[in-house]
Amino acid sequence: MLARTLVAGSLGALVVAAGGHAAPVSPCTGSMLTGTFSVIPGSAGAGNIVYALRLRNRSRQTCFVSGLAGLRLLGRTGRALPTCVEPAFRPGLTAVRVVLRPGARAKATARLSPDVPGVNEPISGRQCEPTAYRVRVTPPPGGGTLIAPIAPPTPVCEHGHLSLSALSPG
C-alpha cells in the first residue's frame with residue numbers, strides 16, 4: 001500500500017514533455033502565481049462567512065501546489081495583522097498535488113468571522129480586529145510569497161482566525 005502511494009505521488013510530479021518524455025514538475029513559488037481572496041456570495045450565516053482563495057499560474061512553466069497555503073492578513077498600509085490559520089480538514093487526510101499548467105488555477109476556502117469577537121477583543125462600539133485589505137500567501141510547498149487583494153476587505157475576528165481548506169484544482 002505504501003509503495004503504491006509513493007509511486008502514485010511520484011507520477012503526480014511528472015508531466016509528459018514534447019517528444020513523449022516525462023519531465024519533472026517543480027513546486028510553484030510566489031513569483032509564479034497571482035491570487036485573489038474573495039467572498040463567496042451567499043456564504044454568510046451564523047456569524048461566519050466563507051472566502052475563496054484562488055491562485056493562477058502566470059508563469060510559462062508548469063508547476064504544482066499541494067496542501068495548506070500559508071496566509072498572513074495585511075492592513076490598508078501593508079501592516080501585518082493578527083492571523084491564525086487552522087486546517088479545515090481532519091488530521092490524517094492527504095493533500096492532493098495540483099499541477100498547474102500556465103494559466104491554470106487552484107483554489108481553497110477560508111471560513112472566518114467578521115463580526116463575532118473572540119476572547120480579549122472589543123464586544124461593543126468597535127470592530128473585533130482591524131480591517132484586512134490584502135493577504136500575503138505562501139504557496140505550498142514552493143515558498144516565496146504573493147500578495148492577493150481581499151474583496152471585500154474585512155475584519156477577521158478571534159485574532160485573525162481562519163479555517164482553511166487544502167488547495168484543490170479549480
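In strand S6, Phe-64 is the bridge partner of Pro-27.

Before going on, a word about the model: it is predicted, so local features need pLDDT of at least 70 and side-chain atom pairs count only at pLDDT 80 or more, while totals for chains, interfaces and linings use all residues. Residues are numbered from 1 along each chain as its sequence is written, and side-chain values use heavy atoms, with hydrogens and water left out.

Strands here are DSSP runs of E with at least two residues, helices are runs of H or I with at least four, and both are numbered from the N terminus. Two strands pair if DSSP finds at least two bridges between them. Strands of a sheet pair through backbone hydrogen bonds, either parallel or antiparallel.

S3 and S6 run parallel and are joined by two bridges. They belong to an open sheet of three strands in the order S3-S6-S9, with mixed pairing. S3 and strand S9 (97-100) stand at the edges with a single partner strand each, so one side of each is left without a neighbour in the sheet.

## Strand S4 and its partners

How many bridges join strand S4 to strand S5? There are seven, and S4 (residues 33-39) and S5 (residues 49-57) run antiparallel. Within this pairing, Gly-35 stands opposite Leu-55 in S5.

S4 also pairs with strand S12 (residues 146-155), in the parallel sense and over two bridges. Here Ser-38 has Ala-151 in S12 as its bridge partner.

Ala-151 turns up again in the backbone: a cis peptide bond joins Ala-151 and Pro-152, with omega about -10 degrees. Pro-152 is placed in strand S12. Another cis peptide bond joins Pro-140 and Pro-141, where omega is about -5 degrees. Pro-141 sits in the loop between S11 and S12.

## The disulfides

A disulfide is a covalent bond between the sulfur atoms of two cysteines. In this report, a pair of cysteine sulfur atoms within 2.5 Å is taken as a disulfide, and by this rule the count comes to two. Counting bonded cysteines along the chain, the pattern is 1-2, 3-4.

| Disulfide | S to S distance |
|---|---|
| Cys-28 to Cys-63 | 2.0 Å |
| Cys-128 to Cys-157 | 1.9 Å |

What does the link between Cys-28 and Cys-63 tie together? Cys-28 lies in the loop between strand S3 (26-27) and S4, and Cys-63 in strand S6 (residues 63-66), so the pair ties together parts that are 35 residues apart in sequence. The torsion about the S-S bond of Cys-28 and Cys-63 is about 85 degrees, so this disulfide is right-handed.

The link of Cys-128 and Cys-157 is left-handed, with -90 degrees about the S-S bond. Cys-128 lies in the loop between strand S10 (105-112) and strand S11 (131-138), and Cys-157 in helix H2 (residues 157-160), so this pair ties together parts that are 29 residues apart in sequence.

Are these cysteines buried or exposed? The words have cut-offs: buried means under 20% relative accessible area, exposed means over 50%, and partly exposed is in between (1.4 Å probe, protein chains only). Cys-28 is buried because its relative accessible area is 0%, and Cys-63 is buried at 0% too. Cys-128 counts as buried at 8% relative accessibility, and Cys-157 is buried at 0%. Cys-84, in contrast, is partly exposed, with a relative accessible area of 39%.

## Helix H2

Besides Cys-157, helix H2 holds Glu-158 and His-159. Phi of Glu-158 is near 60 degrees, a positive value in a residue other than glycine. His-159 also has a positive phi near 60 degrees, and this residue is not glycine either. Glu-158 counts as partly exposed because its relative accessibility is 38%, and His-159 is partly exposed at 35%.

## A serine in a loop

Finally, let us visit Ser-59, in the loop between S5 and S6. Ser-59 is buried because its relative accessible area is 16%.

What lies 3.1 Å from a polar atom of the Ser-59 side chain? The backbone oxygen of Gln-61 does. Leaving aside neighbours within four places in sequence, Ser-59 is in contact (heavy atoms within 4.5 Å) with Met-32 and Pro-102.

Definitions and conventions
A polar contact is a pair of N or O atoms within 3.5 Å; within protein, one must be able to donate a hydrogen and the other to accept it, and residues adjacent in sequence count only if both atoms are side-chain atoms.
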